[in-house]
Amino acid sequence: MYFSKSTVSVLAAGSFASIAQAHMLLRTPTPYPGHQSGPLDPSGSNFPCQNVAFTGAATEMPQGSTQQLAFTGSAVHGGGSCQVSITYDNPPTANSEWKVIHSIIGGCPARNTAGNLPENPNNTDLEPYNFSIPADIPAGEATLAWTWLNKVGNREFYMNCAPVSITGSGGSEASLAALPDLFVANIATPKFNPGNQCTTPEGIDVAFPNPGSSVETLGTSPAPPAGNCGAAAAGGAAAGGAAATPAAGAAGAAATPAIRGRRVASFKA
Ligand SMILES: [Cu+2]
């Protein structure tokens with residue numbers, strides 16, 4: 001959370017609860033109910049998706065379609081970098097594979113902002129972003145995640161999730177496996193950031209080690225993350241041989257496809 005001049009004056013007024021609730025929320029696609037607007041716990045205890053109840057109607061997303069990413073709130077923390085990723089695990093767990101379909105380096109969830117916008121938890125005026133559903137990933141019930149590494153303020157990791165239904169035909173597990181793994185920093189997760197050894201310095205738009213092929217750079221200060229980001233950087237189908245660090249090796253060994261049961265049999269790496 002970033003204490004701008006206006007939020008400090010609200011603090012002085014004694015309503016800390018309003019601060020705690022005034023971060024950002026995914027609005028489109030419609031998230032699972034129950035998300036809070038704040039970041040995930042640094043311990044990783046509510047990774048993934050704030051441990052919300054994975055219920056609710058899925059948004060239909062045809063293979064190859066263009067989709068919108070939109071937000072509610074005003075605490076944009078100078079923007080930062082976001083990813084859109086997908087898992088077919090139902091429900092997602094801490095060990096699920098998340099495959100990145102779009103990366104936004106800087107300027108997300110707000111473009112051209114130095115800090116926070118005037119306090120308004122209900123603000124829906126931010127310009128949305130577009131992303132595409134790859135035409136070659138499998139059809140099926142899935143969970144879409146928006147993750148955000150804020151530029152200004154405490155070192156945080158945000159993750160909101162939405163139920164989606166990928167429709168169409170002809171997608172393959174191999175195409176899915178070739179997408180990069182989700183980048184996680186500033187929270188500990190045994191799978192993606194063991195021991196929270198990978199962090200993002202304040203004031204930069206983190207340049208994802210493996211953003212994938214669908215990338216837009218909207219920020220003015222992209223820079224790499226800090227610390228041991230080996231596990232996170234190893235992502236995608238290329239993770240196998242490049243065990244440069246113990247962390248990367250462990251991640252590689254654990255990188256078996258966590259696809260829903262009925263798909264595992266047909267998986268070919
Ligand atoms: Cu915040």
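Analyst: Happy to. A disulfide is taken here as a pair of cysteine sulfur atoms within 2.5 Å. Please keep in mind that this is a predicted model. Searching the whole structure by that criterion gives 3 disulfides.

Let us begin with Cys49 and Cys161, whose sulfur atoms are 2.0 Å apart. The angle about their S-S bond is -80°, a left-handed link. Cys49 sits in the loop between strand 1 and strand 2 (59–62), while Cys161 belongs to strand 8, so this pair ties together parts that are 112 residues apart in sequence. How accessible are the two ends? Cys49 is buried because its relative accessibility is 0%, with buried meaning under 20%. Cys161 has a relative accessibility of 0% and therefore counts as buried.

Next comes the bond from Cys82 to Cys108, with an S to S distance of 2.0 Å. This link is left-handed, at -100° about the S-S bond. Strand 4 (residues 80–87) holds Cys82, and the loop between strand 5 (99–105) and strand 6 (129–132) holds Cys108, so the pair connects parts 26 residues apart in sequence. Cys82 and Cys108 are both buried.

The remaining pair to visit is Cys198 and Cys229, joined with S to S at 2.0 Å. Here the link is right-handed, with 90° about the S-S bond. Cys198 lies in strand 9 (residues 198–199) and Cys229 in the loop between strand 13 (226–227) and helix 4 (230–233); these distant parts of the chain are 31 residues apart. Cys198 is buried, at a relative accessible area of 0%, and Cys229 counts as buried at 11% relative accessibility.

Now for the metal site. The copper ion has His23 (ND1), His77 (NE2) and Tyr158 (OH) as its protein donors, at 1.8 to 2.4 Å. Along the sequence, these donor residues follow the spacing H-x53-H-x80-Y. His23 is found in the loop between helix 2 (16–20) and strand 1 (24–28), and Tyr158 in strand 8 (residues 158–167), so that pair ties together parts 135 residues apart in sequence. As for accessibility, His23 counts as buried at 6%, and Tyr158 does so at 1%.

Conventions: Residues are numbered from 1 along each chain as its sequence is written. This is a predicted model: local features need pLDDT of at least 70, side-chain atom pairs count only at pLDDT 80 or more; totals for chains, interfaces and linings use all residues. Side-chain values use heavy atoms; hydrogens and water are left out. Donors are N, O and S atoms within 2.8 Å of the metal (3.2 Å for Na, K and Ca); water is not among the atoms, so sites may look incomplete. Helices (H or I, at least four residues) and strands (E, at least two) are DSSP runs, numbered from the N terminus. Buried means under 20% relative accessible area, exposed over 50%, partly exposed in between (1.4 Å probe, protein chains only).
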